[in-house]
Every structure is written in structure tokens, then in C-alpha cells.
Amino acid sequence: VQLQASGGGLVQPGGSLRLSCTASGNIFSFNYMDWYREAPGQQRELVTRITNGGGTYYVDSVKGRFTISRDIAINTVYLQMNSLKPEDTARYFCRLLADGRFYWGQGTEVTVAS
């Protein structure tokens, strides 16, 4: 199983981006998909999660601004990020728990700056 993340870029404060993470390979049991982020000099943090049942979790700092969703048919999870702030600047990674194993994507860079 491989994860391919995309959609990062440079955006002004208040702007929006949509990240995508597509899983390729044979997945028999999808448990959940996470988006993590890692800012320079900081620990990687869990931003949001979507479970097999469609349940979601968001870290407090992104509630009301970020939305995680999925398209099961194409094994893709999206992260819609609105009202972006400079403190959202980080490398964003997707992580999949499936078939008893964790898989990480390579990350995509998000920079929020004027």
C-alpha cells in the first residue's frame, strides 16, 4: 500500500487549500485515515481523522476551519482547509491504518504567508 499526498502550496492568510491523499494497493480493511502536520522545530501533531464509519476528529485549533472527507470508491481522503492562518504552515502527512498496519504518505508542504 502506498499513499500519495498532494494539494499543498503557498496561500495568503484567509485563503483555502484542499489536500488529497490517495491510497494505492490492496486494502482489505480500512480502519481510519489521519492528517498530521509538522511545523519547523515542532513535533508532528494529529490534525484530523476520519474512521471507517465516517466518524471524525479535529484538533481544537482547526475546528470550524478544516473538513476531512473521503471518496471510498477511489480510496482518497481530502482535507479542505479554509480560513488558513500563518500558524497552519507545516508539512502535512496522511497516515492510514489498514489491515493492522500503519502507512505514511510523503507529505505535502503548506505555507500560509502574505
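Guide: Two strands pair if DSSP finds at least two bridges between them, and strands themselves are DSSP runs of E, at least two residues long, numbered from the N terminus. This is a predicted model, where local features need pLDDT of at least 70, side-chain atom pairs count only at pLDDT 80 or more, and totals for chains, interfaces and linings use all residues. Residues are numbered from 1 along each chain as its sequence is written, and side-chain values use heavy atoms, with hydrogens and water left out.

Visitor: Happy to start there! How do you know that strand 7 and strand 8 pair?

Guide: DSSP must find at least two bridges, and strand 7 and strand 8 (residues 76-81) have six, in the antiparallel sense. T67, for instance, has Q80 in strand 8 as its bridge partner.

Visitor: What makes strand 1 and strand 7 edge strands?

Guide: The open sheet has four strands in the order 1-3-8-7, paired antiparallel. Strand 1 (2-6) and strand 7 (66-71) each pair on one side only.

Visitor: Why is the link of C21 and C94 called a disulfide?

Guide: The term asks for a pair of cysteine sulfur atoms within 2.5 Å. C21 and C94 have an S to S distance of 2.1 Å, so they qualify.
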